[in-house]
Amino acid sequence: MTLQEVKSHLEHLESLKFQLPDGRVVPEHFHVTEVGEVTKHFIDCGGTIRHEKVANFQLWTADDVDHRLQPQKLKNIISLSERELQLNPNLNVEVEYQGSTIGKYHLEFKDGKFQLISTLTDCLAKDKCGIPEPQEQETATACDPNSGCC
């Protein structure tokens with residue numbers, strides 16, 4: 001989801017909800033402590049130099065249980081960040097949230113909530129590392145007697 005898409009969803013919300021991949025909802029008194037741009041310039045294991053750029057939100061909860069960030073306020077923070085940091089509204093958003101460690105999530109919108117989608121590590125140079133691509137499973141024409149399906 002891009003910054004522009006986040007702002008578009010905020011137009012139609014009365015309250016903010018962020019849902020974790022396990023179904024729990026981030027406590028309503030969360031703060032967005034940072035909105036910014038993260039640039040990653042790296043070389044992968046195959047020797048390819050890569051550049052990645054994302055917009056970053058950091059969600060944080062504290063003992064301030066009376067705090068409630070409203071959708072319009074978050075939209076204003078995003079707009080200020082776009083203006084002052086020259087953030088591209090088409091940047092994808094990455095969200096950081098403190099669990100047992102800081103988790104990084106992709107963002108989607110579903111059922112009136114922002115969904116935090118787990119991110120995964122991956123080898124970006126499988127062809128150069130000798131890692132085979134996953135093969136599609138062939139459709140069985142006969143039932144294996146040891147499979148439990150017969």
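Where is Glu 94 placed? Glu 94 sits in strand 4, which covers residues 93-98. The model it belongs to is predicted.

Start with the whole chain. It has 150 residues, and 31% of them count as buried. Its secondary structure comes to 3 helices and 6 strands. Along the sequence, these elements follow the pattern α-β-β-β-α-β-β-β-α. Contacts across the sequence come next. Take the contacts with a separation of 6 or more: 64% of them join residues 24 or more positions apart.

Now return to Glu 94 and its surroundings. Leaving aside residues up to four places away in sequence, Glu 94 touches Val 54, Ala 55, Asn 56, Phe 57, Lys 104 and Tyr 105. Strand 3 runs over residues 49-60 and strand 5 over 102-110. Val 54, Ala 55, Asn 56 and Phe 57 therefore fall within strand 3, and Lys 104 and Tyr 105 within strand 5.

Is Glu 94 buried or exposed? Glu 94 is buried, yet it has no salt bridge. The nearest side chain of opposite charge is that of Lys 104, 4.0 Å away. Lys 104 is also one of the residues that Glu 94 touches.

Glu 94 leads on to a pocket. The largest pocket has a volume of about 660 Å³. How many residues line the largest pocket? The lining counts 21 residues. Lys 40, Glu 52, Glu 94, His 106 and Leu 120 lie nearest the centre of the pocket. Four strands each supply at least two residues of this lining: strand 2 (31-43), strand 3, strand 4 and strand 5. Strand 2 gives the most, with 4 residues.

The cysteines are the last stop. A disulfide is a covalent bond between the sulfur atoms of two cysteines. How many disulfides does a search of the whole structure find? The search finds 0. Cys 123 is in no disulfide, and the nearest cysteine sulfur, that of Cys 45, is 3.5 Å away. Cys 123 counts as buried because its relative accessibility is 19%, and the limit for buried is under 20%.

Cys 129 is in no disulfide either. Its nearest cysteine sulfur is again that of Cys 45, here 3.2 Å away.

Key
Residues numbered from 1 in each chain as written. Predicted model: local features only at pLDDT ≥ 70, side-chain atom pairs only at ≥ 80, totals over all residues. Heavy atoms only, no water. Buried < 20%, exposed > 50% of the residue type's maximum accessible area, 1.4 Å probe, protein only. Lys, Arg positive; Asp, Glu negative; His and termini not counted. Contact = heavy atoms within 4.5 Å. Disulfide = S-S within 2.5 Å. 1 Å grid on protein atoms, 1.4 Å probe; cavity = no way out; pocket = protein on both sides within 12 Å on 5 of 7 lines; lining within 4 Å. Points joined across faces, edges and corners; volume = space filled by probe spheres on them.
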